[in-house]
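Here is a short tour of one protein, written for someone meeting it for the first time. Have a look at the picture, then read on.

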Amino acid sequence: MFTEDELEHLREHLSHYPERRAGAIYCLYAVQDKIGYIDDKGIMMVTELTGLSKTQLEELITFFTLLRRRPVGRNVLRICDSISCHVMGSRQVLEAAEAHTGVALGEISRTGSVTILPSICLGLCNHAPAALLNDEDEVSRLTPESVQKLLDELDQQPFQQSATGSQVIATSGHSMLTEGRDH
Ligand code: FES
């Protein structure tokens with residue numbers, strides 16, 4: 001899964017954390033970034049790196065909603081269903097999205113283009129009902145119609161091969177790329 005250089009980077013990064021669980025989150029994100037989710041092999045690798053048990057890692061993944069144990073589509077759309085968004089119609093938005101993809105929330109759409117997940121408050125309450133696309137693009141004031149249009153657009157995006165390297169590792173403060181250039 002990781003090259004020896006990447007593993008060395010993870011070990012070095014872990015050495016900065018007095019609390020192993022905090023460092024484990026970084027490693028779990030690196031696994032997810034690499035293959036799209038955290039598989040059993042990734043869990044085993046992080047147990048070896050951190051000394052934490054599989055159960056402790058499962059607890060972390062359960063607590064942090066941005067970490068996932070199952071494969072997802074090429075895009076992940078998190079639609080908020082907390083109170084402000086709920087009042088502004090997020091339930092109807094979620095139902096329209098589910099009907100449009102033809103699969104239940106959390107499943108990969110038939111085209112493979114998206115996985116829709118309900119989310120706790122995204123901090124975008126003044127744009128309710130709100131969503132977050134791929135953990136970075138804000139989507140404001142959704143309606144059943146606008147979410148269907150967005151899903152159509154995602155369907156039409158050309159397939160992009162996922163990056164083979166971990167962006168988490170590559171963009172971290174002590175980037176291996178930077179270190180490589182220094183030597
Ligand atoms: S309640 Fe939906 S973003 Fe805050």
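Which residue takes a positive phi just after α2? That's G36, with a phi of about 100°. Keep in mind that you're looking at a predicted model.

## The overall layout

Let's start with the big picture. The protein has 9 helices and 4 strands. Read from the N terminus, the elements come in the order α-α-α-α-β-α-α-β-β-β-α-α-α.

There are 183 residues, and 25% of them count as buried. As for how the chain folds back on itself, take the contacts between residues at least 6 apart in sequence: 64% of these join residues at least 24 apart.

## Helix α2 and its partner

Back to α2, which covers residues 20-35 and so has 16 residues by its numbering. From its first C-alpha to its last, α2 reaches 23 Å, close to the 22 Å expected at 1.5 Å a residue. Its buried residues are G23, A24, C27, L28, A30, V31, Q32 and K34. An α-helix has 3.6 residues a turn, so residues three or four places apart point the same way.

The helix α3 (residues 40-50) packs against α2 at an angle of about 145°, and the two axes are 10 Å apart. The crossing of α2 past α3 is right-handed. On the α2 side, the contact is made by R20, G23, A24, C27, L28 and V31, while α3 brings G42, M45, V46, L49 and T50. Sorted by class, that contact has 7 nonpolar, 3 polar and 1 charged residues.

Why does A30 count as buried? Because 27 other C-beta atoms lie within 10 Å of its own, and 20 or more is enough to be called buried. The C-alpha of A30 is separated by 9.4 Å from that of G42, a residue 12 places away along the chain.

In soluble globular proteins, nonpolar side chains tend to be buried together. Here, the largest nonpolar core has 17 residues, and the members that touch the most others are I79, V93, A97, A130, A131 and L142. Several elements give two or more residues to this core: β1 (75-80), α6 (90-101), β2 (114-119), β3 (131-133) and α7 (144-156). Another core, of 11 residues, lies apart from it, with L28, M45, L57 and I61 among its members.

What does A130 touch, leaving aside its neighbours within four places in sequence? The list is C80, C85, L122, L124, E138, V139, S140 and L142.

## Where α6 meets α7

Two packed helices are described by the angle between their axes and the distance between the axes. For α6 and α7, the angle is about 35° and the axes are 8 Å apart. This crossing is right-handed. Q92, V93, A96, A97, H100 and T101 of α6 meet P144, V147, Q148 and L151 of α7. The residues in this contact split into 6 nonpolar and 4 polar, with no charged ones.

Most residues other than glycine have a negative phi, and most peptide bonds are trans. Now for some exceptions. The peptide bond from A128 to P129 is cis, with omega near -5°, and P129 sits in the loop between β2 and β3.

Further along, the loop between β3 and β4 (137-139) holds N134, which isn't a glycine but has a positive phi of about 55°. D135 is found in the loop between β3 and β4 too, and has a positive phi of about 65° without being a glycine. Are these residues buried or exposed? N134 is exposed, because it has 12 other C-beta atoms within 10 Å. D135 counts as exposed with 8 C-beta neighbours inside 10 Å.

## A buried loop residue

S109 is in the loop between α6 and β2. With 23 C-beta neighbours inside 10 Å, S109 counts as buried. Leaving aside neighbours within four places in sequence, the contacts of S109 are G73, T101, V103 and V114. The C-alpha atoms of S109 and V72 are 8.9 Å apart, though 37 residues separate the two along the chain.

Note on methods: Residues numbered from 1 in each chain as written. Predicted model: local features only at pLDDT ≥ 70, side-chain atom pairs only at ≥ 80, totals over all residues. Core = buried A, V, L, I, M, F, W, Y, C linked by C-beta atoms within 7 Å. Contact = placed C-beta atoms within 7 Å. Expected span 1.5 Å × (residues − 1). Axes fitted to C-alpha atoms, helices over the stretch in contact; angles between N-to-C directions. Left-handed = near helix turned anticlockwise from the far one by under 90°. Nonpolar A, V, L, I, M, F, W, Y, C, P; charged D, E, K, R; others polar.
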